[in-house]
Amino acid sequence: MPNPGSRFGILHHPKLPHSQVLAEEIAAFLEQHHHSVWVGSSWDADCVRDHLDQVDMLITLGGDGTVLRTARVCAAAGRPILAVNLGRLGYLAELEPDHWREGLQQVLNGGYWIEERMLLRSGHDHDGRTISERLSLNEVVVGRGRLARVIRIVARVDGADIAHYVADGLIAATPTGSTAYAFAAGGPILPPTLRNILLVPIAPMFGLARPVVLSEGAVVRLTVETDHEAILTSDGQSEVSLETGDEVWVRAAEYTASFVRLRDPSYFYDSLSTKLRCQ
């Protein structure tokens, strides 16, 4: 339970003016309750990292993209995130902007629990060496570029070939990501606290057409074969060009993302009907 003098970081969305106004209102509320507050931009990753040792909890003001970005930045520090939805879907958020005051008071009273969610660590290997790595909360995607032409992907799990795909691409998703791009591509929905890696092909022409659910300890290696553009994306927020022969590896990350939850743990199933319109 936060004690007087607890430290909060508030991350606003720099492209949403009302996000900055709300950040000031929340900061004033917390300061009235004798807590220290730091306010910054969710887009300034370096600045956020520099302040992580000065905060005990982060409050994000934005959409799911803001939450994804913050989760990756603060995972190593283990700081929990309380997300206020200012976006369209808000699937990762806990509070709507009209109810932030009641929700935050509940947090200050200790009426919350922490939900841990799996992250992926992935790398891009070129000429036999890893040239970049990244964390992802939703998914890693190896896909075609701007041209509407399939690419070939050889998928290996723990050194064993499982499929040779001819498709628009292949998604490696977390349980959190199972309700995002992987869901749109026909994958199953997994409860977010599971620790599995989900492989979902995108418009497969040949190869294993059905999704595959892997264990947490699996290491996935995807080798690209293409004579045109192919790309690697992470959470839909970064893009790297791939060449034929390049390899992308994916495994469970050594960190988890921590979220502040005010609702009962069964909230996830209630959200399926309202957020994904399953009724």
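Visitor: How many bridges join strand S8 to strand S13?
Guide: This is a predicted model. Strand S8 covers residues 151-157, and strand S13 covers residues 220-225. The two run antiparallel. The bridges joining S8 to S13 number 6.

Visitor: What is the order of the 6 strands in the open sheet?
Guide: Start from the edges, strand S12 (212-215) and strand S15 (239-242), each of which pairs on one side only. The pairing in this sheet is antiparallel. From one strand to the next, the twist averages 20°. Read across, the order is S12-S11-S10-S7-S14-S15.

Visitor: Which residue in S12 is opposite Asn196?
Guide: Strand S11 spans residues 196-202. It is joined to S12 by 4 bridges, and the two run antiparallel. Asn196 faces, in S12, Ser215.

Visitor: At what angle do helix H1 and helix H4 pack?
Guide: Two packed helices are described by the angle between their axes and the distance between the axes. H1 holds residues 17-32 and H4 holds residues 100-108. Their axes lie 11 Å apart, and the angle is about 35°.

Visitor: Is the crossing of H1 and H4 left-handed or right-handed?
Guide: H1 brings Leu22, Glu25, Ile26, Phe29 and Leu30 to the contact, and H4 brings Trp100, Arg101, Leu104, Gln105 and Leu108. By class, that makes 7 nonpolar, 1 polar and 2 charged residues. The crossing of H1 and H4 is right-handed.

Visitor: Which element gives the most to the lining of the largest pocket?
Guide: The largest pocket holds about 240 Å³ of space. Its lining includes Arg69, Arg72, Val73 and Tyr255. Helix H2 (45-51), helix H3 (64-74) and strand S6 (129-136) each supply at least two lining residues. The most, 3 residues, come from H3.

Visitor: How many charged residues does the lining of the second largest pocket have?
Guide: This pocket has a volume of about 190 Å³. Of its 14 lining residues, the closest to the centre are Asp64, Leu68, Leu92, Asn138 and Ala180. H3 supplies the largest share here, 3 residues. By class, the lining has 5 nonpolar and 6 polar residues, and the charged ones number 3.

Definitions and conventions:
Residues are numbered from 1 along each chain as its sequence is written. This is a predicted model: local features need pLDDT of at least 70, side-chain atom pairs count only at pLDDT 80 or more; totals for chains, interfaces and linings use all residues. Side-chain values use heavy atoms; hydrogens and water are left out. Two strands pair if DSSP finds at least two bridges between them. Axes are lines fitted to C-alpha atoms, for helices over the stretch in contact, and angles run from 0 to 180 degrees between N-to-C directions. A crossing is left-handed if the near helix is turned anticlockwise from the far one by less than a right angle, and right-handed if clockwise. Contact means heavy atoms within 4.5 Å. Ala, Val, Leu, Ile, Met, Phe, Trp, Tyr, Cys and Pro count as nonpolar, Asp, Glu, Lys and Arg as charged, and the others, Gly among them, as polar. On a 1 Å grid over the protein atoms alone, a cavity is a set of points where a 1.4 Å probe fits but cannot get out, and a pocket is an open set with protein on both sides within 12 Å along at least five of seven lines; lining residues have an atom within 4 Å of a point. Grid points are joined across faces, edges and corners, and a volume is the space filled by probe spheres set on the points.
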